[in-house]
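Let's take a walk through this one together. Have the sequence and the 3D view at hand, and follow along from the start of the chain.

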Amino acid sequence: MTAPFLSLTWTDHVTGRQGFLVVDRLVRGVCSGGLRMRPGCTLEEVAGLARGMSLKEALHYDPEARYVPLGGAKGGIDCDPRDPEAYGLLVRYLRAVRPYVESCWTTGEDLGLTQDLVDRAAAEAGLVSSVQAVYPLLDDEAAARARLAAAFAVEVDGIGLDELVGGLGVAESVLTALDRAGVAYAGTRVALQGLGTMGGATARFLTRAGLTVVAVADIKGTIANPAGLDVEALLAARDAHGTVDRAALRSGDLELPGDAWLSADAEVLVPAAVSYAIGVEEQELIGARWIAEAANMPVLPEAEALLHARGVSVLPDVVVNSGTNAWWWWTLFGDIGADADEAFAYTRRSMRALVEVVLARAQADGTTPRAAAHAIAARRLPVIAERFGRHRPVPCGPAPTKPAGPAGLAPTD
């Protein structure tokens, strides 16, 4: 594994808290990866996430598509997003990394931050957009920006399209695995950790496909019902951080400890909240057949090895939760328009094709889906680098000159 292209640590002069930015690699001078905020966030964590973004981009490479994969990156801030100082910290962080957002790093929502909050803080930090670095790569910037803005304005059942596509990708990954195993949707039970943007949408789409959600964990604990939870009622009763108001629970719903979702009587587990949720001790509690990583890096490597040895298949984050990132670029580059039906159809088709390739490779190689996904990405990364280059092409011709200022002096920056 190569060292990242760029790695930096920033210390806030007001609070003393730290923020991080890691650019794993560039493609045509640009990289992509969200910005997360959580207490305990570290540079090592952000570096791992940035590497994962490089793999996600490569896995969605289609030589016939308008969307050209970008490099991978990630940002992180060590702070509880509920802290009263969080928003000011976010603005100061974005001011500090503004040169990178303007020149090479495209970013957006991640754990602890919504896109609306990132957009508001970015504007306050003096940025045009959190994805402005990609604008020079677009054939028609004005049309592309209008298309993306229109897509973000689309709602389905009162929920933004941008909040649904990622969970749809997770759901389609699970459904593809079930199809390959010949397992019927009806009667298949699911337990989730996290009912935020990703977990909530995943629960909605899996339920609508016929699966039964029997457990959901949030910061207050686990809500469970062996007969099935009312997912829509829980979604309606959650706050901005995915915490469910217990007043919405039905008489048959149980309130259990926070880790009870791990041992739920379910075939599918969906960790959709935090990284490092499943270690060696946690994996011993799991009786599910599949784990779909809706969160980034929720299963530790040593735990995954033990799970694989006893027949539990971990569908890796670099595949499963890549739908949101891909949807941004499919829309901005013009592979799809600002239409929910088109976005859902394209996401379903693309995610199913990707999961099929990964699971077929894992079966053929006798390895884990993660190892298969990494092998596929490793084969594509050099192809992308050779075709598109690491840096933006330098324009031909003489360098532009600045107009002269007073007394014939060039103006200062």
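Which residue in β2 is the bridge partner of Thr-11? That partner is Gln-18. Before going further, keep in mind that this is a predicted model, where local features need pLDDT of at least 70, side-chain atom pairs count only at pLDDT 80 or more, and totals for chains, interfaces and linings use all residues. Residues are numbered from 1 along each chain as its sequence is written, and side-chain values use heavy atoms, with hydrogens and water left out.

Back to that pair of strands. Helices (H or I, at least four residues) and strands (E, at least two) are DSSP runs, numbered from the N terminus. Strand β1 (residues 6–11) and strand β2 (residues 18–23) run antiparallel and are joined by six bridges; two strands pair if DSSP finds at least two bridges between them. They form a hairpin with six residues between them, and Gly-16 in the turn has a positive phi of about 80°.

Now look at the side chains of β1. Leu-6, Leu-8 and Trp-10 point to one face and are buried (under 20% relative accessible area; exposed is over 50%, partly exposed in between, with a 1.4 Å probe and protein chains only).

Next, the inside. A nonpolar core is a set of buried Ala, Val, Leu, Ile, Met, Phe, Trp, Tyr and Cys residues joined through side-chain atoms within 4.5 Å. The largest has 83 residues, of which Val-134, Val-270, Trp-327 and Trp-329 touch the most other members. Helix α13 (residues 340–365) gives the most to this core, with nine residues. Apart from it lies another core, of 28 residues, among them Met-37 and Tyr-93.
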